[in-house]
Amino acid sequence: MRYDTAIIGTGPAGLEAAITLTIRKKNIILIGKKNSSNKVRSAEKIDNYLGIPSVSGDDLAQKMLDHAASMGVEITDGRVTLIYPYGEYFGIQCGEDMIEASSVILATGVAPANTLPGENEFLGRGVSYCATCDAAMYKGKNAVVVSYSKDYEEEAIFLKKYASGVIYIPMYEFGEGKDAEEIMAADSGITVLKQKPAEIKGGFKADTLITDQDTLKTDGIFILRDQISAASLVPGLETEGGTVKCRRDMSTSVPGLYAAGDIAGAPYQLIKAAGEGLTAALSVVKYLNEKK
Ligand SMILES: Cc1cc2nc3c(=O)[nH]c(=O)nc-3n(C[C@H](O)[C@H](O)[C@H](O)COP(=O)(O)OP(=O)(O)OC[C@H]3O[C@@H](n4cnc5c(N)ncnc54)[C@H](O)[C@@H]3O)c2cc1C
């Protein structure tokens, strides 16, 4: 099945795009977190969202989710790791699934400012953003997982079903001290190392992760974080300072691919994100009509 549009991200930009395209009767898939956006939820009090003064981030996120649900918008819980522009359509890698869509709206928020030295250079050559996608290739091999969220512990455990050795480096407050490490090791055979990754090295392929305490030799390095830079997500996409270069209609350098919200550049504000979600959606409608 090929969707008219895949919307990536469930913050205000993605949700608004999904609502607009649903009103326009387009066949969409909205991929992201079911609870909307951690960024929205972390705002204590928001005073500049038109019509909803003095609202907490949690309340605003819930209102947005409820609004989208009331229009029939459904969220596919997942994380997109790669978008392949094939010309006629896009292939969207989400976990183990490859989703097809005629157009894409990127609404993934601001990407991380700091990637690890060597991360971009070795991406696709020993560095991967998706452990569930590549796990089968690690049969009998060793891997290091650098994880930025508890959400990815399951991905590491899945990888260990194939790999003979997995080192897990949590970049977040990991469990309750040593007990959690022992439980993870006992349940899944994963070694937890509380170290700070410094650099990825290798020849043609990445084969070493240097940390603040060790030099770890490995067959592959998985870097699991919520946000992936737009340039890594879409090969060939024009970016500038970490954001996507867009025209006023939110079109990008890749035909059929639109961007909205923080990923499309400053100002980083909620109402601007929602407005761009709407603009991108209407531009997609025009694009799809012209393609017919
Ligand atoms: C503490 C704080 C307070 C703020 N206060 C205000 C305020 O008072 N007023 C204001 O206007 N703005 C405020 N902002 C800014 C506002 O939150 C952002 O501008 C807004 O959330 C941007 O919306 P967005 O939809 O572009 O991206 P986001 O809200 O960042 O949402 C992006 C979503 O995409 C998901 N995603 C990312 N990558 C992928 C992927 N590869 N696959 C699937 N999903 C993915 C993310 O998990 C996230 O759910 C505040 C921000 C913070 C952090």
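In which loop does Y152 lie? In this predicted model, Y152 is placed in the loop between β8 and α6 (153-160). The residue is buried, with 25 other C-beta atoms within 10 Å. Once its neighbours within four places in sequence are left aside, Y152 is in contact with S147 and L224. A further distance concerns C130: its C-alpha atom and that of Y152 are separated by 9.8 Å, and the two residues are 22 residues apart along the chain.

Strand β8 (residues 142-147) is joined to strand β9 (residues 165-170) by six bridges, and the two strands run parallel. Within this pair, S147 stands opposite P170 in β9. Both strands belong to an open sheet of five strands, which has the order β7-β14-β8-β9-β10 and parallel pairing. At the edges of this sheet are β7 (127-128) and β10 (191-192), each of which pairs on one side only.

An antiparallel arrangement is found for strands β4 (residues 80-85) and β5 (residues 90-94), which are joined by five bridges. I83 has I92 in β5 as its bridge partner. The hairpin formed by β4 and β5 has four residues between the strands, and G87 in this hairpin takes a positive phi near 95°. In a regular strand, side chains alternate between the two faces of the sheet.

For the chain as a whole, the secondary structure comes to nine helices and 17 strands. The radius of gyration is 20 Å, close to the 19 Å that the globule rule gives for 292 residues, so the chain is as compact as a globular protein of that length. Along its principal axes, the C-alpha trace spans about 50 × 45 × 35 Å. Of the 292 residues, 43% count as buried. Among contacts with a separation of 6 or more, 61% are accounted for by residues 24 or more positions apart.

Helix α1 (residues 12-23) was examined in more detail. The helix has twelve residues and reaches 16 Å from its first C-alpha to its last, close to the 16 Å expected at 1.5 Å a residue. Ten of the twelve residues are buried, so α1 is largely enclosed by the rest of the structure. The buried residues are P12, A13, G14, L15, E16, A17, A18, I19, T20 and L21. These residues pack against strands β1 (2-8), β2 (28-32) and β6 (97-106), and against helices α2 (38-41), α3 (57-70) and α9 (270-291). After α1 comes K25, whose phi is positive, near 60°.

The ligand is surrounded by 32 residues, of which the closest are G9, G11, S37, G109 and G261. The elements that give two or more residues to this shell are α1, β2, α2 and α9. By residue class, the shell divides into 14 nonpolar, 13 polar and five charged residues.

Several backbone features were found in loops. S36, in the loop between β2 and α2, has a positive phi of about 75° although it is not a glycine. This residue is buried, with 25 other C-beta atoms within 10 Å of its own. M250 is likewise not a glycine and has a positive phi, of about 70°. The position of M250 is in the loop between β16 (243-244) and β17. M250 is buried as well, with 28 other C-beta atoms within 10 Å. A cis peptide bond joins A266 and P267, with omega about 0°. P267 lies in the loop between β17 (257-259) and α9.

Key
Residues are numbered from 1 along each chain as its sequence is written. This is a predicted model: local features need pLDDT of at least 70, side-chain atom pairs count only at pLDDT 80 or more; totals for chains, interfaces and linings use all residues. The expected span of a helix is 1.5 Å times one less than its number of residues. A residue is buried if 20 or more other C-beta atoms lie within 10 Å of its own, exposed if 12 or fewer, and partly exposed in between; C-beta atoms are placed from the backbone. Two residues are in contact if their C-beta atoms, placed from the backbone, lie within 7 Å. A residue is near a molecule or strand if its C-beta atom, placed from the backbone, lies within 6 Å of it. Ala, Val, Leu, Ile, Met, Phe, Trp, Tyr, Cys and Pro count as nonpolar, Asp, Glu, Lys and Arg as charged, and the others, Gly among them, as polar. Two strands pair if DSSP finds at least two bridges between them. The radius of gyration is taken over C-alpha atoms; the globule rule is 2.2 Å times the number of residues to the power 0.38.
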